[in-house]
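Here are some notes for a colleague who is opening this model for the first time.

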Amino acid sequence: MPNKSILVTRSSLPPIEEYISELQSIWGSAWLTNMGPLHQQFEKMVAEYLKVQNISLFTNGHMALELAIQALGLTGEVITTPFTFVSTTHAIVRNGLTPVFCDINPHDYTIDVSKIEALITDKTSAIIPVHVYGNVCDVAAIDCIAKKYGLKVIYDAAHTFGVTVNGRGIGTYGDVSMFSFHATKVFNTIEGGALTFADESYRSKFNNIKNFGITSPENVVTVGSNAKMNEFQAAMGICNLRHIDEQIALRKAVMERYYEHLEGRKGIKLITQQQGVSPNYAYFPVVFDEKVLGKTRDDLCEALKSENIYARKYFYPLTNSFECNEGLYDPNATPVAKYIADRVLTLPLYADLELNDVDRICKTMNLSRFSRQKEQTILDCTG
Ligand code: T4K
């Protein structure tokens, strides 16, 4: 018998009876989409959970980001990072703008704030940093730079559902934050997403642009798109939100089990708790140093695969290296991002992952022979 297959993640689902019960009202009203009653109910609930004042729901995170860029009227160049899901870069390019890639820092893999200012030109209109893996960017430094140069800040907060910094919702930083509620995320509405924002006047802009730019049956004010969340998605959101705290607690237990096996081992770097941040345990990225281990990330990925364990190389390749961007950008201009992308593997992590499966994953990687050290591994990203 082959070993049970373990994928990098597995969607969280509510008890089916709960979902069916939410769907009853849809059959009563025959109202399926276009900001119906479940959409409105979910919007209030999720804003409260995220500790934000202002929110607009979308059919997915990508469209939310793409339309936020359009609605804010960004122009010219946008500073961002290439160590992310391709959506972040696509959203910029699909708006006819030029992404200018800033390197990441080797500690939490978010934008290296010390390198932003050197990239600002008279064409720069915004910064789009990514809270990658649920790690929070240096929001204070980014805020300072944005104010100094009059730039907008849109956070790609796809990975930070429910994360707070000193009790403050992560979606309250910058001008706008985009959350993803995709099936693979800590919290899902099947597909789905949201924009949260500081300026209340953005509400009508965002609500409008996701509905073709329509303001009334006889008036269209913007060349908008169709990116509304439907009632079935909202129903899933309502159900999943009831269980989110227990789901995050289960993820925490999985992460802790990984730490028991891997913490401090020479040649590997784990993500660490950020001060003041309440994490959501979205991903478990591990960076492998082949010089110490005598094995590359790819060797380990293949070893896992041979045991039916499917870790993923999020986020390799860098977005500026994909075929669609070939020749346009220089991946060597972001050496830390390249170093991490070449060595990172995100190990399976989801609420229903059994702890003995974590044991199996770690046993397969066979890293216990590497001694433990007190200090966190410092990566030599120079190559
Ligand atoms: N910005 C960032 C930083 C992002 O990470 C993302 C999305 C976005 C923006 C855009 O947000 P959305 O528009 O997606 O809301 C997945 C997701 O599709 C994507 O949402 C996510 N980031 C990205 C990091 O991962 P793939 O191509 O790796 O997904 P896939 O289909 O290979 O699935 C991975 C694993 O998830 C499967 O092996 C099993 C599990 N799975 C998957 C699906 C679809 C389930 O358990 N249930 C499911 O329904 O992109």
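1. Helix 2 (residues 37–50) and helix 7 (residues 231–262) have axes that come within 7 Å and cross at roughly 25°. Axes here are lines fitted to C-alpha atoms, for helices over the stretch in contact, and angles run from 0 to 180 degrees between N-to-C directions. Helices (H or I, at least four residues) and strands (E, at least two) are DSSP runs, numbered from the N terminus. Helix 2 and helix 7 are therefore roughly parallel to each other, a term that covers angles under 35 degrees.

2. This is a predicted model, in which local features need pLDDT of at least 70 and side-chain atom pairs count only at pLDDT 80 or more, while totals for chains, interfaces and linings use all residues. Residues are numbered from 1 along each chain as its sequence is written, and side-chain values use heavy atoms, with hydrogens and water left out.

3. The crossing of helix 2 and helix 7 is left-handed, that is, the near helix is turned anticlockwise from the far one by less than a right angle. On the side of helix 2 the contact (heavy atoms within 4.5 Å) is made by P37, L38, H39, Q41, F42, M45, V46 and Y49, and on the side of helix 7 by E231, A234, A235, G237, I238, L241, I244, D245 and I248. These residues divide into twelve nonpolar, three polar and two charged; Ala, Val, Leu, Ile, Met, Phe, Trp, Tyr, Cys and Pro count as nonpolar, Asp, Glu, Lys and Arg as charged, and the others, Gly among them, as polar.

4. An open sheet of three strands has the order 13-15-17 with antiparallel pairing, where two strands pair if DSSP finds at least two bridges between them. Strand 13 (268–270) and strand 17 (344–347) are the edge strands, each pairing on one side only, and the twist averages 30° from one strand to the next. Strand 15 (residues 284–288) is joined to strand 17 by four bridges, and V287 stands opposite V344 in strand 17.

5. Which strands does helix 7 touch where it packs on the sheet? Helix 7 touches strand 13, strand 15 and strand 17, and its direction makes about 20° with that of strand 15. Helix 9 (residues 297–306) also packs on the sheet, touching strand 15 and strand 17, with a direction at about 30° to that of strand 17.

6. Helix 3 (residues 61–71) and helix 4 (residues 86–93) pack at an angle of about 30°, with their axes 9 Å apart.

Key. Parallel < 35°, antiparallel > 145°, perpendicular 65-115°, else oblique.
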